[in-house]
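Let's take a quick tour of how the parts of this structure sit against each other. Have the 3D view open as you read.

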There are 4 protein chains.
Amino acid sequence: MAPIRLGMVGGGKDAFIGAVHRIAARIDGEFQLVAGALSSTPEKSRESGLALGLDPDRCYGTYEEMAEAEAARPDGIRAVAIVTPNHMHAGPAIAFLNRGIHVICDKPLTATMEQAEELAAAVGQAKALFILTHNYTAYPMVRQAREMVARGDLGAIRVVQVEYPQDWLTEASEAAGDNKQAEWRTDPARSGAGGSIGDIGTHAHNLACFVSGQQVQSLAADLQSFVPGRRVDDNAHIMLRFDGGARGALWCSQVAVGNENALRLRVYGEKGGLEWAQEDPNYLWFTPFGEPKRLLTRRGAGSDAAANAVSRTPGGHPEGYLEGFANIYAGAAQAIRAADAGGRDPVLDVLPGLEAGLAGMRFIAAAIRSSQANSAWVEL
Amino acid sequence: MAPIRLGMVGGGKDAFIGAVHRIAARIDGEFQLVAGALSSTPEKSRESGLALGLDPDRCYGTYEEMAEAEAARPDGIRAVAIVTPNHMHAGPAIAFLNRGIHVICDKPLTATMEQAEELAAAVGQAKALFILTHNYTAYPMVRQAREMVARGDLGAIRVVQVEYPQDWLTEASEAAGDNKQAEWRTDPARSGAGGSIGDIGTHAHNLACFVSGQQVQSLAADLQSFVPGRRVDDNAHIMLRFDGGARGALWCSQVAVGNENALRLRVYGEKGGLEWAQEDPNYLWFTPFGEPKRLLTRRGAGSDAAANAVSRTPGGHPEGYLEGFANIYAGAAQAIRAADAGGRDPVLDVLPGLEAGLAGMRFIAAAIRSSQANSAWVEL
Amino acid sequence: MAPIRLGMVGGGKDAFIGAVHRIAARIDGEFQLVAGALSSTPEKSRESGLALGLDPDRCYGTYEEMAEAEAARPDGIRAVAIVTPNHMHAGPAIAFLNRGIHVICDKPLTATMEQAEELAAAVGQAKALFILTHNYTAYPMVRQAREMVARGDLGAIRVVQVEYPQDWLTEASEAAGDNKQAEWRTDPARSGAGGSIGDIGTHAHNLACFVSGQQVQSLAADLQSFVPGRRVDDNAHIMLRFDGGARGALWCSQVAVGNENALRLRVYGEKGGLEWAQEDPNYLWFTPFGEPKRLLTRRGAGSDAAANAVSRTPGGHPEGYLEGFANIYAGAAQAIRAADAGGRDPVLDVLPGLEAGLAGMRFIAAAIRSSQANSAWVEL
Amino acid sequence: MAPIRLGMVGGGKDAFIGAVHRIAARIDGEFQLVAGALSSTPEKSRESGLALGLDPDRCYGTYEEMAEAEAARPDGIRAVAIVTPNHMHAGPAIAFLNRGIHVICDKPLTATMEQAEELAAAVGQAKALFILTHNYTAYPMVRQAREMVARGDLGAIRVVQVEYPQDWLTEASEAAGDNKQAEWRTDPARSGAGGSIGDIGTHAHNLACFVSGQQVQSLAADLQSFVPGRRVDDNAHIMLRFDGGARGALWCSQVAVGNENALRLRVYGEKGGLEWAQEDPNYLWFTPFGEPKRLLTRRGAGSDAAANAVSRTPGGHPEGYLEGFANIYAGAAQAIRAADAGGRDPVLDVLPGLEAGLAGMRFIAAAIRSSQANSAWVEL
């Protein structure tokens, strides 16, 4: 089948996540990048587009320009990837959705709850799909973990421990003058009121819910900003109560020295326990109560259909972050083709979208509110 | 030097921790067990004593009897190990301390705060020493971790994550009729009001304070009893604020399937991070910020004087739980010999005693109070 | 820059390695697959080509046909990937090289030494490049390991331990009738005289030489076929003597139950040691003698320019097998563009080619000869 | 029961292994050290004895003196531990065996084959037991591994990989003048003709045979002395053929930088595989073919009777090197009590003794012979 024509908003030079999206879109050959509004100024946008080999006609100065022009072309884009800082998600997403162009958007949903609500309204009215790249849910062994919980391998879930420590903001990198990532991610105007909780805590929250099959109902949070002058939280301890009866704890940090990107999930039920770590994503530890721990490997013995469906290589040939991310794109392609044919592909059941995005926004808001109320329990 | 004559209260047949204390006392040849009141009934006590090869004259029916008789003997015991259930710590401890006999007591300090206060008064007036077997602090790499923090290798401490999951109470073992350990450890009358928080949470709390060099000032707790009919908590999430400015989280559980005895500590400061796990105790991970993670091994390259002082074998020849426990006994022997000679051995700076015990009791009380107050922050 | 037009020989339905090559070629957007002779029969070839979305005109029935037609087209392919069973490497490679089309060929070089020599002659006369996909050398931390040895971080190399255990041929899968991979890989007519030594032993041999910077000078081998009826070796023990004075051992196995694809290399010198494992490829362990072991991570602290140059994601965002493989393709693209411009790109210093392929063939031949001579030392 | 009276030959100040034997003898309270000839000169011997708290009458100047005197005492020792350098094993062992005193002797058996034969003759005629401290066989999970192989859990054994790398002789420590361990262990007069193969290779060889249940029938060896001036091998590659059809490889090294005491065994059969590592001895990895890998833990789920019988603490409370060593002593005590009562305790089936010692001597001799014959296969 011909690849789906894709546009991109954001992701110019020096952007980390834009390049990730482009590779993820390319791995399975399901998308072809043909248009872009890649930077914050028209000049840089065009420059970045040309550097990526885009047709000069389709290197746009702004997303509005791009939305209008592409919607008008017979060979216009069918989908757009939005990889801008958080405060620039809602605007472009709405612009493209309103024109029937499918949106694949980076997380968190938006910078503010108001933006989130506007976007939600647009999604509700749109015929196009809205997909949010909570990419960690698309690792094969995470998909399998979710299935195992869903089919009862662990029994009723009691405890969910999720953590996401990093150390890249241990020092005041945002003040160094040469670290754009640190700058916008610690700037409330661009990233929203949450710092670590928005940037990585939302991933942890999303993963915990995705695998446990339960939603966080309320939380009690203690947020900190350890680095002097930092305007957002860089560490957070959060206790969780889930709607299915599970209890849990979430820890995220960007000042935990020695941690690169150590997202880790542990789920314990009446009958078994599961452990998974993002940095070693091809492994899933499963212990049925009273039996030895088992090391389930992607596409190895013990790997199930949910994992195999999103694997490209045999067991022992490790897949990584980009393949996990690509699974979101592969799923999106499948869903888009079905939608364009008037149907609905069941992959949407595991693809994060508006609901996951709104839950993340409520998570951020509740965590801030709780922390301001000296860690009182707050409903999401 | 001749070994120190030791008595034991509790630790008869089927007791887990009594045998551990006996091996720990024996490993370095510093103690000789010569007397005991080993069980809850006089008959069983004598039977257990004979089975251990004690002189029949020194197999006592009760601890009171033993305290009196041994204090009167010219060759009476110089120290006693108390390894009974928690509600039976204070009585014997006071009886021996009052007679000038050194006490080595299992943790937690007592079952109730009232008992703790009585015991504290006795310790205050006694000439004899009171040592509490928070054994995990005596692993060589834990001693080294404390030293590293103390000498500033990590800079100011920001975050302390400590957890202690087990799974042996996943089911209602206390109701099975054949599990004495489960019975008394879930019986508030014998173990105190805390379940998992008393049994293992106190170890986690103690370890976090020992290594970080900070005390927990306040906490917010959410305790659960997942197993129907259980009378004490079997899982606890607790957020921590330390007096030196650090923040932390403590999780303990006895229903986390797949965990045997997985006490684990992580400490993060402005300049570095440390990670240690009880089940692999010969390793200490240290990351100076901006450098690769280093694997420090007991008596290997990177092992310091604090670790080496309590090591018996070269690097790569693993020491374990019993050796760690024995380090408490070896320290106790050193302290006792100095005390009996009218001095004070500096090993007391790292040996847990009354202060650690009282802190543990305040931790349990605060956790329960907080949880009852819907996780309000409670001062210790 | 416009992608390089690529053709493929082999890699039709059910082929494992063909799909890997296609993803690897696609990840960085440097190649575009436009032509193929994908299967052993003309019909299947065309069917497979259409399934991949190739232009029907460029779905060829045979590689000869494809070589001729593509060489004649103004928009003909500039490079071809050869992903057939081993006995079908030399023929197509020579056909394309002779027409000035660059060749990217799967390993081992050929099935027989005669084929290898013919191919060598063709490479020698060709203006086009010949690249062999010893993909494991292109993992970032392997490239770094090589650099570390080269710049003397380990001092003079003494010992090289390399192993490559798998378990997928534990049973007689080649006789099951439904496992094409097992069939051709255990068929001397198609895979050559070596079984495990050809399929995976050559990877291990190549990796050991690549990192150590030394060539195997002689070897003593003991090959086994444990599975009844198997026509090639499925396990091999080989002792190695290197031309730079190092000694080593190589073990490869396809019957080592519990191993998926466990290629692992350890290199020890006078001043330091390195350890790397393919299944956890983002880590490199380095121990300077007398210091603690260090965990170097891809793009983390301790990652060097050689590793960073072939990395796409930040530390803690794991890359895997496909990205490693893609590094061969990215390097090939760089080398091809330079060659087509009349130059030579230094990436060719680390890209495996004819020399590595011939060394592998000599390795296979020597191992068989030695084993037949009751493990006598045989020069390569 | 009263402890068995024990004497010791060797093990004075600065000796590593003497202290290990003493702790191992003490842990279970089965032995009491009452006599010693602890050093190479009478003065030092007496001094070391007094430092250990021995009765001055029983601090002997030489082992001959001790053998005579103790044999004559009504309360004389029943057993003696011999912990001298290898060339001083046979003399004392024979002296005590001839007097009916049980011998627990460090490995390897002797320094020369002649000594081994003399000792064998003495053992053959003695009524006393001879036990060799191949301590690694007594780790609980090693005992379990042996049982699992014996009862067929792995099916017929095909491949045995054993390795024992260390790095403490990376430099010429024997020439430094302050390292007695390095001096005697690299001195052929004291340690025998084997260097690393005698010191640690014998452990590896013994472990491989113990677990696989097969004996090494022939071997092909390539020994090296990497450190200039070293008089014995410091690295060895050895290929193995077992009498039950298994093939294997043994690597031992004392110059493998980054390895402390990394003895590791892997055994693969038709139906399953096992992996065990001495530095993490509480774990045993077991993979039934086609199923996920399982982590068997000492006294955890999956731990069997053979492991539990020699365990002292519950799962998750790690045991180490000293407890493993103590299992030899505990077994010796059991065997000695039975022997003194005229019987034979079945523990002798798993306790290493003369046979294991002779096999080790043949292993050393064969390895040297093979290496001198350019790695020809040599029968043991």
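In chain A, the C-alpha centres of domain 1 and domain 2 lie 27 Å apart. This is a predicted model, where local features need pLDDT of at least 70, side-chain atom pairs count only at pLDDT 80 or more, and totals for chains, interfaces and linings use all residues. Residues are numbered from 1 along each chain as its sequence is written, while chains are lettered from A and ligands numbered from 1 in the order in which they are written.

**Inside chain A**
- Domain 1 of chain A covers 4–128, and domain 2 of chain A covers 139–314 + 358–379 (bounds from an automatic or database domain assignment).
- Each of these two domains of chain A puts 14 residues into the contact (C-beta atoms, placed from the backbone, within 7 Å).
- On the domain 1 side in chain A, the largest share, 3 residues, comes from helix 5 (residues 113–125) (helices are DSSP runs of H or I, at least four residues, numbered from the N terminus).

**Chain B meets chain D**
- Here 28 residues of chain B are in contact with 28 residues of chain D.
- Helix 1 (16–27) and helix 11 (321–340) of chain B each supply at least two residues of the chain B side.
- Helix 1 of chain B gives the most to that side, with 5 residues.
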